[in-house]
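Hi there,

Here is the structure I promised to pass on. Have it open while you read, and my notes follow below.

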Amino acid sequence: MTQTEYILGSDNTLGRRQLAYLEVLYDQPTRRVLADVEIGPGSRCLDVGSGAGSTARWLAEHVGPTGRVTAVDIAPDHLVGVGNLVVRQHDINDGVPEGGPFDLIHARLVLMHLSRRVELLSMLVDGLAPGGWIVIGEAQEYGTHPDEVVSAPNVADVAVFNRVVDTTINVVGRGGGIDYEWVNGLGGRLVDAGLVDVRGLKHRALTSGGMAGGMLNANYVRQVQPLVLDAGVTEADLARFYELSLDPAFVSWAMPLTYFSGRKPGP
């Protein structure tokens, strides 16, 4: 089995909290995109990188008892299979799991972390049944623009936030193989793969200290804190950054999520 490439895990306390924040932030736009594609009773679905399973459970409700949802993750401890929801420990690097071809394949914040992302996308498209949909959601570049912070207790806090987030993303994240530009060309890749009805949705929301977006930022930084310090961020900056993640007076844009979907030609 291929060894995981993720520098951000889900099999510890920080990882479990990360999954909870992601659900709060992104389940609503995820369900909006999934509700826009043709799945229903009897559909066969694959949820790649299911995390804590909220999307897989939502899909299981929509496909009904005659449908089937296969939820896969490299660390499926947070998942519970029941009824038409099947849970498997699986690394998508090792191929599409059994249960296909699928009427829907969904992956959120997965391929951007994997070095073989282009090959894996083609593999997932091949795993679709005729008429089936693929729905991929990824984060975009974040923390490098001057307008990320909307309001802060003082000007120095804006610089601290930008410094910590920029280092976490552009030094640690990119250095660990995360591709924040991958999603920009994803729609074109779906067209090139022969898919039709290609659609897209960009989602971004404001967040403040103590809310899921601010807490997720702090969570990501804590997971890679030694690397952030090695990259030159000071202990004082980190301490202030964590304080801001809890301060309601600090308001910024949350990490943006972009979805693309496409349908395989067929009935």
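Ser208 has Val251 in strand 9 as its bridge partner. Strands here are DSSP E runs of at least two residues, helices are H or I runs of at least four, and both are numbered from the N terminus. Strand 8 pairs with strand 9 (residues 251–253) in the antiparallel sense, over 3 bridges; pairing requires at least two DSSP bridges between two strands.

Before going on, please note that this is a predicted model: local features need pLDDT of at least 70 and side-chain atom pairs pLDDT 80 or more, while totals for chains, interfaces and linings use all residues. Residues are numbered from 1 along each chain as its sequence is written, and side-chain values use heavy atoms, without hydrogens or water.

Strand 2 (residues 68–73) and strand 3 run parallel over 5 bridges, and Asp73 has Gln89 in strand 3 as its bridge partner.

**The aromatic rings**

Which residues do ring pairs link into a cluster? They are Phe161, Phe241, Tyr242 and Phe250. Rings of Phe, Tyr and Trp (its six-membered ring) pair if their centres lie within 6.5 Å; planes under 30 degrees apart are stacked, over 60 edge-to-face, and the rest tilted.

By this rule there are 3 aromatic pairs. Phe161 and Phe241 are stacked, 6.0 Å centre to centre with 25 degrees between the planes. This pair joins helix 4 (residues 155–175) to helix 8 (residues 235–244), 80 residues apart. Phe161 counts as buried because its relative accessibility is 3% (buried is under 20% relative accessible area, exposed over 50%, partly exposed in between, with a 1.4 Å probe and protein chains only).

Phe241 and Tyr242 form an edge-to-face pair, at 6.0 Å and 65 degrees, and both are buried.

Best wishes
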